Amino acid sequence: MSKRAFITGITGQDGSYLAELLLKKGYEVHGLIRRASTFNTSRIDHLYVDPHDPSAKIFLHYGDLSDGARLVTLLAEIDPDEVYNLGAQSHVRVSFDEPEHTADTTGTGTVRLLEAVRLSGIETRFYQASSSELYGATPPPQNEETPFYPRSPYGAAKLYSYWITKNYREAYGMFAVNGILFNHESPRRGETFVTRKITRAVAAIKVGRQENLYMGNLDAIRDWGYAAEYVEGMWRMLQADEPDDYVLATGLPCTVRDFLRLSFDYVGLNWENHVRFDDRYLRPTEVDALIGDPTKAREKLGWKATVRPDELARLMVDADIEMLEHSGRPWSDEVSLESWREN
Ligand code: NAP
Ligand code: F7E
């Protein structure tokens, strides 16, 4: 019998890589998707097999982290061995515009899912997608012992999720873990997160379809890794003998300005000729510096990030150039939507 996994957020960046990894490992994968008026499964379309096909190992179910009753029914039906809670309103800047919605999905959504595990009476292991945003204003380096000081409605919602996950572990003996992941990126990264915004713009400028790129705070320091490697760490946390919390990070600092330089240099352009400032990309409270210390994950899980920020920038620029040259999407529509999509 193959193991069964249930993933919330399967249509997101990490959900798509995790589904890929688990299918490769022989799992039957069940994913929660939100009903939308347009298709929202582009990141997992390549994995999808018609459920009527006897070889199908991936199954998608409509639902939402705001709908607790649905989560109970689904978990009782699927009876997964592992639950990965990756679903969230995950954009920090947007969380200042939609604090209540962010609290509901990114915070309360977690307790709904934990309650669904408890009420459905299933035996399962639970992964919570915690974040380096928990550290917020606490200076680096940050590890599992570092005090939290969130700086956004997103960070505050994730803080609740972190503690409620720990509480269900202690109160009900659940195998529930927090993966405290530092920023991780890829060609599948949402277009309004800073790395992808930069690499898409570099591609568009390089082929002459865009002139300028409008940005906010270039001084912020982040620890950027490659998402495909981080989902392996999530899985390893659920295979450990005991439930525990782990930081996943590269340990390498990089400013937004560094990432701009790395990406523009790669295609032979000078970033300073194209980048303009726009204060709408500033946040009311900023997280200045996140640099993780992943020693515990290395020692206890044998997990290590191998992709450095310069390699990450290059692979993302290459993918965006490739996408631009081969996609049938009308670029002009993308550009006109940009003004309100970007955050
Ligand atoms: P992402 O690309 O933004 O994906 C978020 C996923 O959550 C999408 O599948 C989205 O569905 C789903 N979702 C949003 N609201 C939902 C709701 N109310 N009910 C059910 N599903 C909902 O995020 P990611 O980068 O893959 O990150 C995965 C998780 O790790 C998130 O919880 C994020 O906060 C956390 N995290 C990310 C990073 C990072 O650097 N990437 C670092 C630390 C922690 P739609 O496709 O329908 O929108
Ligand atoms: O911003 C600065 C911005 O939006 C990174 C999420 O996955 O990682 C992510 O959160 C930095 C910030 O990611 C622009 O002010 C400058 O300092 O790519 P970001 P984030 O806020 O670090 C954590 C770990 C998560 O958990 C989150 O889910 O870049 N910045 N100019 C900009 N950021 C954006 N988005 N757009 C700009 O124009």
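The centres of domain 1 and domain 2, taken over C-alpha atoms, are separated by 27 Å in this predicted model. Domain 1 covers 4–185 + 224–248, and domain 2 covers 194–222 + 253–290 + 309–338; these bounds come from an automatic or database domain assignment. The contact between them (heavy atoms within 4.5 Å) takes 18 residues from domain 1 and 20 residues from domain 2. Together the two domains bury about 1600 Å², 65% of it on carbon and sulfur atoms. Buried area here is the accessible area (1.4 Å probe) that two parts lose on being put together, summed over both. On the domain 1 side, Arg93, Arg151 and Trp224 lose the most area to domain 2, together 47% of what that side buries.

As to conventions, the model is predicted, so local features need pLDDT of at least 70 and side-chain atom pairs count only at pLDDT 80 or more, while totals for chains, interfaces and linings use all residues. Residues are numbered from 1 along each chain as its sequence is written, chains are lettered from A and ligands numbered from 1 in the order in which they are written, and side-chain values use heavy atoms, with hydrogens and water left out.

Ligand 2 is surrounded by 23 residues (a heavy atom within 4 Å), of which Ser90, Ser131, Lys197, Arg283 and Glu286 are the closest. Its shell draws at least three residues from each of domain 1 and domain 2. By class, this shell holds 8 nonpolar, 9 polar and 6 charged residues; Ala, Val, Leu, Ile, Met, Phe, Trp, Tyr, Cys and Pro count as nonpolar, Asp, Glu, Lys and Arg as charged, and the others, Gly among them, as polar.

Ligand 1 has 24 residues around it, with Thr11, Asp14, Arg34, Ser90 and Tyr154 coming nearest. These residues divide into 7 nonpolar, 12 polar and 5 charged. β5 gives the most to the shell around ligand 1, with 3 residues; strands are DSSP runs (E, at least two residues), numbered from the N terminus.

The table lists polar contacts (N or O pairs within 3.5 Å) to both ligands.

| Ligand atom | Protein atom | Distance |
|---|---|---|
| Ligand 1, oxygen | Asp14, polar backbone atom | 2.8 Å |
| Ligand 1, oxygen | Ser90, polar side-chain atom | 2.7 Å |
| Ligand 1, oxygen | Tyr154, side-chain N or O | 2.5 Å |
| Ligand 2, oxygen | Ser131, polar side-chain atom | 2.6 Å |
| Ligand 2, oxygen | Val194, backbone N or O | 2.8 Å |
| Ligand 2, oxygen | Arg222, polar side-chain atom | 2.8 Å |

Ligand 2 on its own has 700 Å² of accessible area (Shrake-Rupley method, 1.4 Å probe), and the protein covers 97% of that.

Key
Polar contact = N/O pair within 3.5 Å; in protein donor to acceptor, adjacent residues only side chain to side chain. Helix = DSSP H or I, 4+ residues; strand = E, 2+ residues; numbered from the N terminus.
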